[in-house]
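Here's a quick walk through a three-dimensional model, helix by helix and domain by domain. Have a look at the structure first, then read on.

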Amino acid sequence: MSAEEIAAVRETVRRFVRTRLNPLEAAIDEADEVDETLLAGLRQEIAALGLYGFNLPESLGGPGLSVQDRVQVLEEIGRTSMPLTECFGHLPISLTLMSADQRARILPGLLDGSETITYALTEPDAGSDLNALKVKGEKVAGGWRLNGTKQFISNVETSEWIIVLATTDAGANLKGRLTTFLMRRSNPGLKNLVRYRKMGWRGYHLNGFVLEDAFIADEDVLGAPGGGFLTMMAGINHDRIFVSCRCLGIALRAQEMALDYARQRKAFGAPISEYQGIQFPLADNDVEIAAARGLIRAAAEAADAGSDEFRIAASRSKLYCSEMVNRVADRALQVFGGIGYMRDLPLERFYRDARAFKIGEGTSEMQRIQIARAALGGR
Ligand SMILES: Cc1cc2nc3c(=O)[nH]c(=O)nc-3n(C[C@H](O)[C@H](O)[C@H](O)COP(=O)(O)OP(=O)(O)OC[C@H]3O[C@@H](n4cnc5c(N)ncnc54)[C@H](O)[C@@H]3O)c2cc1C
């Protein structure tokens, strides 16, 4: 897309987020609930704007934006709350590994937003450490039988499809031991669906479930049997960029609010913006937001160039942006004094929502381990 075209897309998204999504956020947060028909309607509105599944390549029916163009759109999408960013259908890039039959059967519903999909990796005894995964897939006639427990999985209760990562060859190394399965939530082997109570991301639900002899047909293996680690890695760096942009979007909103408030709030006879004690945190926010944007763009450039640097660039960006948004939200809230802590304003929500980004899509510690290994030459 030309620079003008992407600027126009960006403006459309910005307007949609400001006029349709931002006004819905407070009530969703308060209720910790969101009406599924409302979300389905928003997905249809976004589809009508040609923006649903905007991150997918043309081969999967998406617009085929470069990653550098994509992050410009994502920055605008990041300016709304977690349950509402989902309405844009940032679909897993691992869907590129779908067989022709899967594309014909499953893709149309995902592309038009009538069905949604989530990714189930984490288990009670395994999150960062994939070697410890215990959900087991056993080969049986015509397919696989899955047993075990998954936890902290996004939006299972509203997704038609779940990409389940399971151990299918415990004796192999990580690159051969795991397989990814496309499973319908209605699979009779999916039991004990629970919803966790959590700190932020209200209205966006994290679920756990048990698999008891859940049968998955051979044609619903995603990628090659034993290739689950590679299937997962195909999308994870893109997901880390997505998370980075969500962090940037929240940080931008917090900083814009803090700048406005500092100009108009008076104390000791002058706007608080005249005091260095307020100027310095605003300056720190400004610098950190610019640094975050720079790291996101560097990762996007590496992705578009097909560079080996992409993996580490995505880790750098995810690590920095997820920690940055926590600092920026905290400083912005402080500029508001007491009113910042009240639920009348979204600052306290930004602060609560920011915390999860240091955990999901690979914790800060896991990013640091990858970055340090690469820096030390171990890759
Ligand atoms: C909001 C949210 C959404 C999520 N959505 C999903 C989802 O959709 N699908 C999904 O599969 N999962 C999801 N998760 C789960 C998430 O991916 C895991 O919680 C995360 O990967 C960490 O795994 P864990 O909780 O098992 O922590 P653990 O792996 O047990 O780690 C505990 C702590 O130890 C640290 N640690 C572990 N190993 C080391 C080491 N070698 N060196 C230093 N520190 C170490 C970790 O960084 C962490 O601080 C979500 C989590 C959250 C909070």
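Predicted model: local features only at pLDDT ≥ 70, side-chain atom pairs only at ≥ 80, totals over all residues.

Residues are numbered from 1 along each chain as its sequence is written.

Helices here are DSSP runs of H or I with at least four residues, strands are E runs of at least two, and both are numbered from the N terminus. For the classes, Ala, Val, Leu, Ile, Met, Phe, Trp, Tyr, Cys and Pro count as nonpolar, Asp, Glu, Lys and Arg as charged, and the others, Gly among them, as polar.

**The ligand**

So where does the ligand sit? Domain 2 (117–222) and domain 3 (230–375) both give residues to its shell, so the ligand lies between them. The shell holds 20 residues, and the closest are L121, G127, S128, T363 and E365; a residue is near the ligand if its C-beta atom, placed from the backbone, lies within 6 Å of it. β1 (117–120), β3 (143–154) and α13 (364–375) are the elements giving two or more residues to that shell. Sorted by class, the shell has 11 nonpolar, 7 polar and 2 charged residues.

**Helix pairs**

Axes are lines fitted to C-alpha atoms, for helices over the stretch in contact, and angles run from 0 to 180 degrees between N-to-C directions.

| Pair | Axis separation | Crossing angle |
|---|---|---|
| α8 (228–264) and α9 (276–304) | within 10 Å | roughly 155 degrees |
| α4 (67–77) and α8 | 7 Å | about 40 degrees |
| α1 (3–21) and α4 | within 8 Å | roughly 15 degrees |

As for the names, angles under 35 degrees count as roughly parallel, over 145 as roughly antiparallel, 65 to 115 as roughly perpendicular and the rest as oblique. α8 and α9 are therefore roughly antiparallel, and α8 passes α9 in a left-handed crossing. A crossing is left-handed if the near helix is turned anticlockwise from the far one by less than a right angle, and right-handed if clockwise. Residues in this contact include L248, A251 and L252 of α8 and L282, I289 and I296 of α9. The contact of α8 with α9 divides into 16 nonpolar, 3 polar and 2 charged residues.

α4 packs against α8 with axes 7 Å apart at about 40 degrees, which makes α4 oblique to α8. The crossing of α4 and α8 is right-handed. V67, V71, L74, E75 and I77 of α4 meet I241, F242, C245, L248 and G249 of α8, a set with 8 nonpolar, 1 polar and 1 charged.

Lastly, α1 and α4 cross at roughly 15 degrees, which makes α1 roughly parallel to α4. The crossing of α1 and α4 is right-handed. I6, V9, R10, V13, R14 and V17 in α1 meet D69, Q72, V73, E76 and I77 in α4, and the residues of this contact divide into 6 nonpolar, 1 polar and 4 charged.

Technical notes: Domains from an automatic or database assignment. Contact = placed C-beta atoms within 7 Å.
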